[in-house]
Amino acid sequence: MMRIAIAGGGGFAYLLAQELTQSANAVLVLTRNLHPEFEQDFPGCQVAVVDFGNVEELRYTLQGVDLLISTIANSEQLNLIDAARRARVRLFVPAEFEGAIAQRPSNDPLDRGSHAAQELLQRWAQSKSHNMQYTVFSCGIFMERFGPGGLQSYNIGGGSGLHGPDDYLVNVESATAEIIESNSQGRPAQVTLTSAYDVARFIAAAIEMGPGTWPREFRMRGDQMSVRDLVAACSDVRGIPFSLATHTYQDAMAQAQFCSEIEDYNRYFYFERLIQTANGRYHFRHANLNDTVNQHDGVEVRPLRFRQWLEQVWGPAL
């Protein structure tokens, strides 16, 4: 049995707690504020209200924890990494769920402390005095981005500034979409998608199989498709035509540059997300966690395909 801590009290932390409390492992949730729903809904789950700016308090709270899963970012996650190492936590899972690590540019305009967290984790993984290992779980894009109200309706992604229904690719409710159809080489832009519920199930399955041999990165997916097919699937399930704005790669680059010059940063970052999508940031071919789960007799995860998920949240196609 392990003692597992989850940092954060949002919707994804709730999904993780829901899955992990079904095992024999002890689960501790670290939150900024009181969240009685965790202990009420999941018997055996404990909640500790902490200050993520206080490393010493975090270190004390994390004593005896074997595995720490973070759902927070930026400087608070850096404090969490530092405290986990001091508390002799054996394994750390950073809040890096959307987008494979290798597909991110070195000078990343969308970075939210990810590069600094990776550097710190690599440093402690190589430490001779106390070795803290880490594994990144990558899922492509949360399908819930395309649900009613976007990620914010699931209480996910609140600290990212990227959780509303108009923040990425498609607003299914308003039947609008804005995409870069092809990358700079003219190949169709592709995305990998996984429901947040299935991400939590995959992580629970990986823990059940044993974290002793986890790689640096586990990749999982529920589906993969071109951005053009993603828009078509949304339109088909809604049963209405979508208003689609399509940019060439070169036009989007120019638009991003122009928005930066006039300090329209909302549109600048929107175009950067489209550009990074076309560059393959949210797509990968090999989902090694799917393969590992499928080869293991003791666990099973059957992730939803995107159309299945759409029909669950928006109703079956008319």
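**Cysteines and helix packing in the predicted model**

The sulfur of Cys234 lies 16 Å from the closest cysteine sulfur, that of Cys139, which is too far for a bond, a disulfide being defined as a pair of cysteine sulfur atoms within 2.5 Å. The structure holds zero disulfides. Cys234 counts as buried because its relative accessibility is 0%, and Cys259, at 5% relative accessibility, counts as buried too; here buried means under 20% relative accessible area, exposed over 50%, and partly exposed in between, with a 1.4 Å probe and protein chains only. The model is a predicted one, in which local features need pLDDT of at least 70 and side-chain atom pairs count only at pLDDT 80 or more, while totals for chains, interfaces and linings use all residues. Residues are numbered from 1 along each chain as its sequence is written, and side-chain values use heavy atoms, with hydrogens and water left out.

Cys234 also takes part in the contact between helix 7 and helix 11. Helix 7 (residues 227–238) and helix 11 (residues 306–314) pack at an angle of about 35°, with their axes 10 Å apart; helices are DSSP runs (H or I) of at least four residues, numbered from the N terminus, and axes are lines fitted to C-alpha atoms over the stretch in contact, with angles running from 0 to 180 degrees between N-to-C directions. The crossing of helix 7 and helix 11 is right-handed, a term used where the near helix is turned clockwise from the far one by less than a right angle. Leu230, Ala233, Cys234, Asp236, Val237 and Arg238 of helix 7 make the contact with Phe306, Arg307, Leu310, Glu311 and Trp314 of helix 11, where contact means heavy atoms within 4.5 Å. By class, this contact of helix 7 with helix 11 comprises seven nonpolar, no polar and four charged residues.

A further pair is formed by helix 1 (residues 11–20) and helix 6 (residues 196–209), whose axes come within 9 Å and cross at roughly 45°. Helix 1 and helix 6 are therefore oblique to each other, given that angles under 35 degrees count as roughly parallel, over 145 as roughly antiparallel, 65 to 115 as roughly perpendicular and the rest as oblique. The crossing of helix 1 and helix 6 is right-handed. On the helix 1 side, Phe12, Leu15, Leu16, Glu19 and Leu20 meet residues of helix 6 that include Ala196, Tyr197, Val199 and Ile207.

Thr61, which lies in helix 3 (residues 55–61), is buried, with a relative accessible area of 17%. Apart from neighbours within four places in sequence, Thr61 is in contact with Arg3, Leu28, Leu30, Ala48 and Val50.

Note on methods. Helix = DSSP H or I, 4+ residues; strand = E, 2+ residues; numbered from the N terminus. Nonpolar A, V, L, I, M, F, W, Y, C, P; charged D, E, K, R; others polar.
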